[in-house]
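Work through the exercises below with the sequence and the model at hand. Try each task before you read its solution.

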Amino acid sequence: MDADMTDQTKTDTAQTGPAGLVGVSTEPGAKKPDPILVADSITRTFGGLTAVDVEHVEIQRGAITALIGPNGAGKTTFFNLLTGFDQPNTGSWSLEGKSLKGVAPYKVARLGMVRTFQLTKVLAKLTVIENMRLGATGQKGERIWAAPFKFLWGKQEDEVTNKADELLARFMLDKKREDFAGSLSGGQRKLLEMARALMVDPEVVMLDEPMAGVNPALKQSLLGHVKSLRDEGRTVLFVEHDMDMVRDISDWVIVMAQGKIVAEGTPESVMADQRVIDAYLGAHHDTDLSELDEARLEAEVEAEIAQEEDSK
Ligand SMILES: Nc1ncnc2c1ncn2[C@@H]1O[C@H](COP(=O)(O)OP(=O)(O)OP(=O)(O)O)[C@@H](O)[C@H]1O
Ligand SMILES: [Mg+2]
């Protein structure tokens with residue numbers, strides 16, 4: 001993203017970002033006013049199990065979208081497919097209208113879409129700054145060694161290092177610069193993964209359970225960092241079981257169960273949606289169901305009050 005594009009994106013976001021989702025249908029696969037990522041007929045089976053079966057989904061540009069659902073719903077598998085870490089049995093998907101079918105993860109990253117992992121993949125035996133420099137290649141985890149990442153070294157090395165240092169300062173990891181990534185706390189690793197993802201200046205940032213294993217103090221700062229991605233005009237898609245976070249920062253929520261998208265909507269509407277409650281009830285889950293129940297109760301009480309007032 002160059003400077004001009006950043007400005008342009010910011011303007012667009014003001015017009016069609018979060019606010020652009022007002023009035024969008026809450027049916028699974030609902031059309032968005034300005035989708036940056038679109039997927040069709042994506043299926044992935046493991047033996048007899050259909051892990052992902054997504055007919056159609058659109059992700060709104062410049063918004064924060066949460067992907068929620070019970071354990072085993074297929075969220076991580078769907079992330080893997082969209083980012084090229086796994087191949088679907090069927091389907092097509094595109095970023096900015098460009099097909100990503102068969103595109104390798106590091107190329108997906110260079111095209112503007114990066115992701116973090118449910119189990120962080122910082123390289124423990126490399127220092128923090130070394131992890132950051134490798135982020136510039138769009139490569140993650142063990143696959144990095146197979147990457148043709150030489151293209152970024154040499155004369156661009158200073159530029160890469162400067163950018164890495166800026167991001168480390170922003171994520172308050174600058175004091176850890178020379179420490180091995182393996183010595184960081186769980187929360188700091190999450191921050192490092194997010195910082196590293198930003199090395200390629202992505203349009204779309206996908207986060208798989210950014211809050212898992214993060215202590216309450218760091219949670220607040222992580223929330224701030226995710227919001228700041230949107231403020232910069234980026235699109236965020238994140239998987240999360242922490243409903244407080246979902247409610248706090250999402251402009252839109254997409255619900256998966258048994259591989260399918262079963263509901264979409266604003267956080268408030270989704271948490272009160274019977275299809276969502278059913279999806280969680282039928283499955284093993286980490287999510288605090290009482291919150292969903294509370295949201296439904298609130299909605300029922302509000303409806304009753306409205307009815308009473310109507311009948312007056
Ligand atoms: N490599 C694999 N081989 C076989 N089965 C797999 C594989 N990866 C995922 N699965 C299965 O696919 C289903 C979806 O898994 P996935 O990890 O995508 O769920 P999830 O929604 O991310 O769950 P969680 O919230 O627990 O992270 C599960 O039943 C899982 O056991
Ligand atoms: Mg998962």
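The exercises go from the overall fold to the sheets, then to the side chains.

This is a predicted model, in which local features need pLDDT of at least 70, side-chain atom pairs count only at pLDDT 80 or more, and totals for chains, interfaces and linings use all residues. Residues are numbered from 1 along each chain as its sequence is written, chains are lettered from A and ligands numbered from 1 in the order in which they are written, and side-chain values use heavy atoms, with hydrogens and water left out.

**Exercise 1. The overall fold**

Task: State how many helices and strands the protein has, and what percentage of its residues is buried.

Solution: 
- Start with secondary structure. The protein has 11 helices and 10 strands. Both are DSSP runs numbered from the N terminus: helices are H or I with at least four residues, strands are E with at least two.
- Next, burial. Of the 312 residues, 54% count as buried. Buried means under 20% relative accessible area, exposed over 50%, and partly exposed in between, with a 1.4 Å probe and protein chains only.
- Last, contacts (heavy atoms within 4.5 Å). Among contacts with a separation of 6 or more, 69% join residues 24 or more positions apart.

**Exercise 2. The antiparallel sheet**

Task: Find the strand order of the sheet of 4 strands, and say which strands stand at its edges.

Solution: 
- The order is β2-β1-β4-β5, in an open sheet with antiparallel pairing. Two strands pair if DSSP finds at least two bridges between them.
- β2 (49-60) and β5 each have a single partner strand, so one side of each is left without a neighbour in the sheet.
- Take the strand pairs in turn. β1 and β2 are joined by 10 bridges, and V38 has E58 in β2 as its bridge partner.
- β1 (residues 35-46) and β4 share 5 bridges. Here A39 stands opposite W93 in β4.
- β4 and β5 (residues 98-99) are joined by 2 bridges. S94 faces S99 in β5.
- Check the hairpin of β4 and β5. There are 2 residues between the strands, and E96 takes a positive phi near 50 degrees.
- α2 lies across β1, β2 and β4, at about 115 degrees to β1. Such axes are lines fitted to C-alpha atoms, for helices over the stretch in contact, and angles run from 0 to 180 degrees between N-to-C directions.

**Exercise 3. The mixed sheet**

Task: Give the strand order of the sheet of 6 strands, and name the helix that lies across β3, β7 and β8 at about 130 degrees to β3.

Solution: 
- The order is β6-β7-β8-β3-β9-β10; this open sheet has mixed pairing.
- β6 and β10 (260-265) are the edge strands, each with a single partner, so one side of each lacks a neighbour in the sheet.
- The twist averages 20 degrees from one strand to the next.
- β3 (residues 64-68) and β9 are parallel, with 4 bridges. A66 stands opposite V253 in β9.
- The helix asked for is α7.
- α2 also lies across strands of this sheet: β3, β6, β7 (204-208), β8 (235-239) and β9, at about 150 degrees to β7.

**Exercise 4. The aromatic pair**

Task: Classify the geometry of F85 and F117, and find the charge over their faces.

Solution: 
- Apply the rule. Rings of Phe, Tyr and Trp (its six-membered ring) pair if their centres lie within 6.5 Å; planes under 30 degrees apart are stacked, over 60 edge-to-face, and the rest tilted.
- The structure holds 1 such pair. The centres of F85 and F117 are 5.2 Å apart and the planes stand at 90 degrees, so the pair is edge-to-face.
- F85 sits in the loop between α2 (75-82) and β4 (90-95), F117 in the loop between β6 (113-115) and α4 (128-135), so the pair ties together parts 32 residues apart in sequence.
- Both F85 and F117 are buried.
- R115 lies over the face of F85 at 5.2 Å from the ring centre, and over the face of F117 at 4.0 Å. The test needs NZ of Lys or CZ of Arg within 6 Å of the ring centre and within 35 degrees of the ring normal.
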